[in-house]
Every structure is written in structure tokens, then in C-alpha cells.
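Work through the exercises below with the model open beside you. Try each task before you read its solution.

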Protein chains: 2
Amino acid sequence: MDDQARLEYVVSHVRETALLESTSALLEWDERTGLPSKAGNYRAEQLTYLSGLIHRRRTDREFGEALDLLQQSDLAQAGELPTGAIIRRLAKDFSRNTRLPIELVKAISRATVLGQQAWERARQQDNWLLFEPYMTEVISLRRQEAELLATDGQLYDALLDQYEPDCKSSQLVEIFSRLREQLVDLVKELGQSNNRPDGQTLRQPISIDKQRTVSRWAAESIGYDFQRGRLDETSHPFCTTLGPDDCRILTRFQETFFPSGLFGTLHEAGHGIYEQGLPGEWFGLPPGSAASLGIHESQSRLWENFVGRSQAFWRWAFPKISARVGDAWQGFAAEQIYRDANLVQPSLIRVEADEVTYNLHILIRFEIEQQLISGQLLVADAPDAWNERYSHYLGIRPPSAKDGILQDVHWSAGLVGYFPTYSLGNLYAAQLMQAAAAQLGDLDNMFAEGEFEPLLAWLRKHVHAHGACIAPSELVQRVSGQSLSEAPLMQYLRRKLSPIYGC
Amino acid sequence: MDDQARLEYVVSHVRETALLESTSALLEWDERTGLPSKAGNYRAEQLTYLSGLIHRRRTDREFGEALDLLQQSDLAQAGELPTGAIIRRLAKDFSRNTRLPIELVKAISRATVLGQQAWERARQQDNWLLFEPYMTEVISLRRQEAELLATDGQLYDALLDQYEPDCKSSQLVEIFSRLREQLVDLVKELGQSNNRPDGQTLRQPISIDKQRTVSRWAAESIGYDFQRGRLDETSHPFCTTLGPDDCRILTRFQETFFPSGLFGTLHEAGHGIYEQGLPGEWFGLPPGSAASLGIHESQSRLWENFVGRSQAFWRWAFPKISARVGDAWQGFAAEQIYRDANLVQPSLIRVEADEVTYNLHILIRFEIEQQLISGQLLVADAPDAWNERYSHYLGIRPPSAKDGILQDVHWSAGLVGYFPTYSLGNLYAAQLMQAAAAQLGDLDNMFAEGEFEPLLAWLRKHVHAHGACIAPSELVQRVSGQSLSEAPLMQYLRRKLSPIYGC
């Protein structure tokens, strides 16, 4: 087999694996949309069986040997896109997949299944102690994993790398601490304003049926393609990809809280638009895959907040949504909705947080999980560390674990190193929007006319088209001409919120 | 490996295959309920890949060798249930799966994909000639298959056996010709009645939303378990099983034709109730599988017609459904609905046919496909044969191929030998209901009170619990004490219809 044939073998091996991965994704999508209540056990068996098949393919020796030879070949060294990128990325993934002993993989899988069940119980009973031993086990196992994977002794980075390739926590610590200081100040300033929105317009009761119509229309308006996707409802919104032309989004509606449905849908549609923009001919391979969770989140946040919560968007959308919600918004004006959509208010629950305080929720989690992995903080002390930080950064203290450290599923599911990608998404989004505005001209004028196509085309070309061939930080650097920084996000927030709050 | 260990290996091999088969069934269910319009190609790739994995497992040499040894072992000969039945049935399936050369299997797969596409076009354009060459190819390939499979020279039986194990066409020919004569007479008699129902009550417009509520309620009332299933909508109703606790039914609604939704749902719920009654611990294996398509159809027909179109059912259901459909049935009486639900009228389209004429549609197809496989009839002459028979048996002649020979998808999909199972279902249902009544007492009294549980429990015990461990004809013989006959069905039809039509 020559290198070219070897490359073709590797590519077709990965394409076949993707057929199983996307099938597995359908099993999960179905589980979260309409699985009959008693069908959970067998669904778990199906998923376990498929994940076994997938794992075997990912760690297949022949596949690994071919990758090894390709890495040493001219094809990899040429640096030519996408060939070089494919080889490098696949080799990196293969190495990670095979470096962990199967006993550890199984132990993590078991600990996270049990961990999630324990978390569910602990949260229901508002009792941290029910979860603590499981969390201790999860952290210990993920730490062992990090020790095996880290080539440079940076344990946390080995975990972070799985969600945000090539990202280093040392860089994050620096940027995030500057971001934290400025956000804490901004929250205080806004809190002292005499002209705060109160969010009441968005709490008018609107039937789920009407909200569904609005959300579908909004997702379609910003460019989500319903011929290659669909919108469903679930308790925890998400976006999942079942094929190059099948990326589905899920949202949830609350009758007396309009933002949940609309902004939730715009958020997931942003994820979906990104997936729909990846080169479908490379589905399952690096050129057809998302660059990172951070880049993914930048796309969802961009459409949800930078577009959906902009004044220009509401100038355009207000009459159109009014017509769809019937009498509910009678007597309101676009400006009121816009103000209420930008209510900033410290709160305990991350998923309900506004654009400003959201990042503080993330930074708290990032700081804690770093210390847990480094061993500076014991799991038993994590609730206090959590509560302390909420007091300091947000000025509120969780009255109970349920609304504090037990609120997120992530740690119980073993997702350590995942949280920072949420804030990275916000930072990336701000940098991308700044660059887009510089290159496309006045975006607000476009949004006010319902013209989202220029921004979408720009994102397609500069972000989506590259798939995972360029590392996320490099991608943002290339597109925006700047390295990662908190400045564009802070500038954006202040520029938007100062006029609203009159400060 | 001793025989017991060998048996365990075989059983676990089949269980693993079932994980893939049921996953494949989800891919298909999803394709027919909500696949985005552009996602069809990749879905086909996923299905093809899985069917390759499944085929490899089904024809695995080691698995075959183990089955071979088991067949010669005491375990198979003991005749003990379910062990003996498992071994015999699996060995039979393995033999069929491996006896066909892969070239033929691929040729059939290709011919039926192309055949269905051609059928779709031909039907749309109402042009038989567009389909004829494809149909010729399908028949020729299935004939080759039959030649390889038939051990006794009976080609048609080799095909029939795949849908109705151990069924012989010689027996069917005899019973079906007696059935045909009596049905033709009955249709004529009913046609001459002066007291024919006109079906108008069931053509009152009723919103799909309301019909959906009625159908869900009706399916639940007869015993379909929504904790282990769900009801969705599609263009061609069906029932599919995705796991031991996940059997889903699909129906369709027409605003001005109530029977379509309600009876369609009862029919699919009947299929679903059967699947839900199979022993779940044997999922994927003979004891946990349906006995045959004919037995499956007996369960759907039984709940749709013998229960759902009975006078007793309507005495009970009328006020309950009336309350759910609002004003639509104001002024009607239970008796009117019952009469209209039993309108008998020769028509061209099988899927819209009533209980009496339905079997004539089937017999026509059975006679034609038998002759096609034996070579007595050329595909080119099939439309004439079709039209002739419609004239003779039903007194109407299709004005076009679209409403004649092109109406069903079956032949284009290679399903030859499948049609007779529909009529077998009706015959079995009549025999089972006769036996149930003899053992349970007056079923009508129960139905009139909405008590379906005794009948369901009886079916669970006498039919469902056996899975595929007993051949269908033997199963019916055992339960009813009679061999297969047209008499119980004709008796049932005459007893019900004579009072309605006054003849």
C-alpha cells in the first residue's frame, strides 16, 4: 500500500465509523425526544453495544499503523490542507483513544453513570453528601486519565484539550481573571442604575403553540435550514448531528417566559447553522467537523445574543413577532422588548443567567475544577468554595446545594475541562463580530432589515468552511487579526448596556 | 465447548444481532416520521452499512457451525420448549441466509430499489409500461431465489415460507377458492339489499386534533401500552418494534373520513399489542418473535374488525367518542355509526376495502403472483389478468393501471408470497375469536362494558406467549381445535352483516 492508498483506507475507515456514530446520535436524540418510558434499559443496551463497535474501530490496530506511517510520510509534512490536517488530527485522536487502559475507560464510564444517578437523587433531595463520594470518584478517575494523557505535566490542560484542542489553561487564567474583574464592576454599575428594565414584557403569557411558530420562523429567518434539520422540544435543549444533511435542534417553551423559547431556539439554531455550514463531503472527518466546543458556542451565542438581543434585530422582528403572538404584546414597543431582553441581574442558576453574569457563573466553575484536578481543593470543600465565590463575584449566596453546586450535570457526567468553552464561546463571538463589522460594514443596518445572509455567508467562509483543520485559537486570530482577549466582549457589553441602563 | 455452552453462545450471538436490527428499525421509523427532506441519502448509507453488519452476523461461519452441532445434539432432539424450537428455527433461518449467493442477494436488493423508484414514477404517470421491465426483473430474480431455496420443487412455497413458515400454497388454493366463491356470493347479496348503510355519519368533518385524541384513547382502551410504545402519524401506517419495551404504531387521519384514523389505529394497535405480548426476555430470538405475518395480521384484524366494528363495541364507545368529537356526531345514534362502519362496497383500492371485499383483493393478487412465479403468466399479461379478475370477483374494472395493478408497493419491493398472509390473518382471527367466545363466554357483553382485558389475557396466553415456537397453522389448530378453514370467517361475516343489510 502506498501513502495515497493508505490515506484512502484511513479516510474510508473513519467514514464508516461516522455511520455508526451518527446512528448512535439518533438513538440518543430519540431517547431525549420520545422514548417510551419503559424503553430506557434496552436503549442503554443498544447504545453500549454501538459504543463498543465504535471504540473498536477507533482503536483498531491496522488503522493505527496506517496513521503512524502516514504521519511520517510526505503527505503529513506537506502541510497541505486538508490532507495534513486530517492526518495530524486523526493521529492525535487515535493516540488519545489508545493511551488509556481499557480498565480506566470502563471505570470512568461506570463512575459517570452512577455519578449521574447519584447527582439526580442528591439534587432532588437537596443533599450534597449523597453526591460527594461519587464526585470524589469521578474527579479521581479523571485525574488519573489526565496523568496518562498529559505530556507536559499540565493535568487540567489534558482534559481541556479534549473539548478545546490546543487550549492552555495558563492563557485562560490570565484572560479570565481580567474578564472577571471587569464583569464584577459592570454588574455593580448596572445594579446601581435608576433606569433598569424589569423584564415584565417578556413575562406575558403566550401559548406554547404561538411560541413554537415564532421560534420556527426565527430560526429559519437567521438561516437555519429546515430541509436539513428539524426543531423539537425537550427538557434540556441541545443540538445534535445525525448526518451531513441532518442536524436537529431542540428547545423548550415556558408560557410566561418568552426568552426561554425564542432565545433558546436562536442559540440552538446557531449551533445548527454551524453544523450545516461544515463541508458535508467531509462528514465525520476533521474538515467536516467542528473546530472545538468553544467555536461551536461562539456560533450559538453570536446568533442568540449579538444578533437576537440587538436593538436592530428587535426593530425588525418586533412587528413580525407581535403579529404571531396575538394580543399578548398589544401596547408594547420594540424598545421595551429590547430593553427587557437585556435585563442584567445576578442570579443563582447558570442556564437562566443573562449575557453579563453568565460568564461569572462559568469562571466560578473553571476556578473550582482547576483546583480539584490540581489537588489544591478537596471535593468535600467544593461547596464552600462555590458559595464563597458566588458571594464575592455575584453578591448572592446559594441558600442550598440544589441551587448551588448541584445545579449542573457536567461534573457528575465526568465533563471536567468543559465549562471554560462556554466563556470562550462568548469571547470568540465578540472577536468574530468585531471582524465581521469591520469587513461587512454596518451590521445593524442589515439586521434592522432582516438581512442576516451577509453575516451568515461571512461566517460560512471564515469559520464554518475550515471545519477542524485549524486550531480554534489560530482560527480566531486569523479571522480577527487579534489573539484571544476579553476586550472585544467587554467593549460590546458596555456599548450595548450603557444606553439601556443610562450609565 | 459443550452443547449448553454452544447454545449460550448462539443465543448471545442472536441477541447482539437484535441490537443492530432494532437500531436499524429506529433508522427506518425515523425516516418515515420526521427525516429532514434532504437527509435521505445519508440515511440510506447508514441503513446499508447496518444491514451489512447484520448480514455478516447472520451468516457468520462460527455461528453456523455451532448451530449445526446443536441440531445434531440432544438439546434439539429433546423437543423441549423453547430450546428445541430455538435451535430449529435459527438453523432454518441460517440455512436460508447462507444458501443464496451474495450476487443474487445484491441483484435482488438493487432490482427492488430500482423497482420501487420505477413503480413510483409509473404510478404517478399512470403508465404500466414504465414499470413492466422492472417488475419482470424482480419476478425473474425472486424465481431464481425460489429455485435455490425450494427443496421440493414448489417455487411459490419457498417464497411464502419466508412470511408464513411451513405454509403450503396447495392448502391455500383449496381454502381460498372456497372462500372466494362464498365471498363473491355474499357481495352480490349485500349489493341487492334495500337496507344498505351509506357511510355518511363517518364522513362528517372532525378535526385531526380531535381524531388524534380519540385514537389514542381507543388504542389505550383495548390494551395498547403507551409506556412501551407511542402513536405517530405517517402517510402509510405501520407498526415497528425497536426493543422489547418499545413497539411504536403509526396511523393517518383524514378530516372527512373517520374510519381511516380510528380503525387504522385499532389495526396498528392490534399489531402493537401482539408485539407487546411477546416474551420480552427472548427479544430477537424465536420465543420472543412473532409466529408469522399471518398471525400478526390476525391480531390487527381482530382488534380492528372483530372488536372495533362490532355492535357491542359501539354501544360502549359511542357516547365516549361522541364526547370527544364535539358537535360532529350530534343527533346520531350508536346504531347508525355501527351500520356505517360496516358498509360493504366493491371498490378498486385494497387499502380502502371493507371486511368482505378485502379478501377478494388479496385473492386476486395471490392467484396472479402464483402464476407469475410458476411461469403460467407473463408479467406483460399481468394487467389484463388483474382487470379480468376485478370484473369477475368484484364486478368492477379498473379504468387505469394506477387504480389497478400499480396500486400496491409490494411487488416492486420484491414482496412476492406476502399478500396471502393478509387473508390468512382474517381466517385465523375468525377461528381465534370463535375459540375465545367458546372459552370466555359472551364477549359482546364484555365489549359493551368496555371490558377488553379478558380477551387480551386469553390472546396473551394462547397466542402471544408462544412467540415463534409453534408454526402458525399448528398454533391455530391447537387453540381452536380446528384446522384452517374458511367457515368461521364466513359464519362471522354473515352473522354480523345479515341483520344490518336485512338479508
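## Exercise 1: the contact between the chains

The contact takes 27 residues from chain A and 27 residues from chain B. Here two residues are in contact if their C-beta atoms, placed from the backbone, lie within 7 Å. This is a predicted model: local features need pLDDT of at least 70, side-chain atom pairs count only at pLDDT 80 or more, and totals for chains, interfaces and linings use all residues. Residues are numbered from 1 along each chain as its sequence is written, while chains are lettered from A and ligands numbered from 1 in the order in which they are written.

**Task.** Which helix gives the largest share of the side of chain A that touches chain B?

**Solution.** 
- Step 1. Find the helices that each supply at least two residues to this side of chain A: they are α1 (3-33) and α2 (40-58). Helices (H or I, at least four residues) and strands (E, at least two) are DSSP runs, numbered from the N terminus.
- Step 2. Pick the largest share: seven residues come from α1(A).
- Step 3. Sort the side of chain A by residue type: 10 are nonpolar, eight polar and nine charged. Ala, Val, Leu, Ile, Met, Phe, Trp, Tyr, Cys and Pro count as nonpolar, Asp, Glu, Lys and Arg as charged, and the others, Gly among them, as polar.

## Exercise 2: relating the copies

**Solution.** 
- Step 1. Start from the general rule: two copies of a chain are related by a rotation about an axis and a shift along it.
- Step 2. Read off the values: the turn is 180°, the shift along the axis is 0.0 Å and the RMSD is 0.0 Å. The superposition is by least squares on the C-alpha atoms of residues with pLDDT of at least 70 in both copies.
- Step 3. Name the relation: it is that of a two-fold axis.
- Step 4. Compare the contact surfaces: 100% of the contact residues of chain A recur in chain B, so the same surface serves both copies.

## Exercise 3: the build of one chain

**Task.** How many helices and strands does chain A have?

**Solution.** 
- Step 1. Count the elements: chain A has 21 helices and three strands.
- Step 2. Check the radius of gyration, taken over C-alpha atoms. For chain A it is 23 Å, close to the 23 Å that the globule rule gives for 503 residues, so chain A is as compact as a globular protein of that length. The rule is 2.2 Å times the number of residues to the power 0.38.
- Step 3. Take the span: the C-alpha trace of chain A covers about 70 × 50 × 50 Å along its principal axes.

## Exercise 4: a helix pair

**Task.** At what angle do α15(A) and α16(A) cross?

**Solution.** 
- Step 1. Locate the helices: α15 holds residues 357-374 of chain A, and α16 holds residues 382-394.
- Step 2. Read the geometry: their axes come within 10 Å and cross at roughly 145°. Axes are lines fitted to C-alpha atoms, for helices over the stretch in contact, and angles run from 0 to 180 degrees between N-to-C directions.
- Step 3. List partners: among them, A:Leu360 and A:Ile364 belong to α15(A), and A:Trp386 and A:Tyr390 to α16(A).
- Step 4. Sort the contact residues: 10 are nonpolar, one is polar and two are charged.

## Exercise 5: a positive phi

**Solution.** 
- Step 1. Note its phi: A:Asp126 has a positive value of about 50°, although it is not a glycine.
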